Amino acid sequence: MSNLGAFGMKIPKEYGGLGFSNVEYCRALEMVGRYEGNCVALLSAHQSIGIPMPVKLFGTEEQKKKYLPRAAKEITAFALTEPDVGSDPGRLGTTCVKDENGDWILNGEKLWITNGLIASMMVVMARDPETHKISAFIVEGDSPGIDRSTRCRFMGLKALQNGVIKLDNVKVPKENLLGGEGRGLKIAFVTLNVGRLSIPAACVGSSKMLLEECRTWANERVQWGQPVGKHQAISVKLADMAANTYGQECLAYLAAELEDMARDESRTAATVAALVSALWILVVLARPYRPW
């Protein structure tokens, strides 16, 4: 995938990436979603909330020149979630303290970090215990004091390199502060919003693939003298699945178009598209048929 340029899809061409728009990026994730969910998660987490998007949107020119060409070839991660902090990132407990040289010392523990075990670089969110401001830092994956030995395992996505990251007096150069002090939450919310676009696109790919499988089986399986797809009960199911898959695709790419146009509605559209895509996968395609 690195040789194909897949890690640099959303990185501008001047920094070694492919310079895809959100729509083009989503088309690529849709294709991957037809075959491999683990690769979708790897690409999405790296591309949208790993180094590429935060640095592209909030990094200095020096940070862009230094890290974006690497991110176009290497796997990166985003370390926000903690054992006691999930959907309420304002409560995070990882700390960042300046030393006598103005560099930062990070201490804390991060949980469920996608790509965290294999990332060469990551964006880490931490709070200043004095000012209580949350900031974002570019951290090298092999920095002294980082422990990435614990892997999280799930019922699905068994190949996902998701894990616990422990930071014990990890030193981060002052020039690796991303976006300025106290801008960590804004960086998190903006990049997470863009990251949601890839999930609906990947679900569109999965839905199309599953629909094709159902159609193929409906044409091959013969009962009562004809393929089961010719029976009304089955044909109604297939028609309903096709209609909902088409609606899912329309909503996913509407959200991507709005983001490319920098429209204010893009955040809501991306969130709704992600939710609806997941529901369609679970309810329409994976469970016994129920009319909407």
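The accessible surface of the protein chain comes to about 14500 Å² (Shrake-Rupley method, 1.4 Å probe; for residues, only the protein chains shown count as cover), and 56% of this surface belongs to carbon and sulfur atoms. The model is predicted: local features need pLDDT of at least 70, side-chain atom pairs count only at pLDDT 80 or more, and totals for chains, interfaces and linings use all residues. Residues are numbered from 1 along each chain as its sequence is written, and side-chain values use heavy atoms, with hydrogens and water left out.

**Whole chain**

- The protein chain has 8 helices and 10 strands. Helices (H or I, at least four residues) and strands (E, at least two) are DSSP runs, numbered from the N terminus.
- Its C-alpha atoms fill a box of roughly 85 × 35 × 35 Å, taken along the principal axes.
- Of the 292 residues in the protein chain, 49% are buried. Buried means under 20% relative accessible area, exposed over 50%, and partly exposed in between (1.4 Å probe, protein chains only).
- Take the contacts (heavy atoms within 4.5 Å) between residues at least 6 apart in sequence: 71% join residues at least 24 apart.
- The chain carries 34 positive and 32 negative charges, and their mean positions are 6 Å apart. Lys and Arg count as positive and Asp and Glu as negative; His and the chain ends are not counted. Each charge is placed at NZ of Lys, CZ of Arg, CG of Asp or CD of Glu.

- Met121, Val123, Met125 and Arg127 point one way from β4. Met122, Val124 and Ala126 point the other way.
- Strand β1 (residues 76-79) pairs with β4 in the parallel sense over 4 bridges. Two strands pair if DSSP finds at least two bridges between them.
- Phenylalanine 78 stands opposite valine 123 in β4.
- Both faces of β1 are covered: Thr76 and Phe78 lie on one side, Ala77 and Ala79 on the other, and all are buried.
- Strand β5 (residues 134-140) runs antiparallel to β4, joined by 7 bridges.
- Valine 124 stands opposite phenylalanine 137 in β5.
- A hairpin is formed by β4 and β5, with 6 residues between them. In the turn, histidine 132 has a positive phi of about 65°.

**Helix α5**

- Helix α5 (residues 184-195) has 12 residues and reaches 16 Å from its first C-alpha to its last. That is close to the 16 Å expected at 1.5 Å a residue; the expected span is 1.5 Å times one less than the number of residues.
- Buried residues in α5 include Gly184, Ile187, Ala188 and Thr191. Asn193, Val194 and Gly195 are buried too.

- Leucine 275 is found in helix α8 (residues 266-285). Leucine 275 is exposed, because its relative accessible area is 53%.
- Serine 87 is found in the loop between β1 and β2 (95-98). Serine 87 is exposed, because its relative accessible area is 81%.
- Serine 87 and valine 164 are 77 residues apart along the chain, and their C-alpha atoms are separated by 17 Å.
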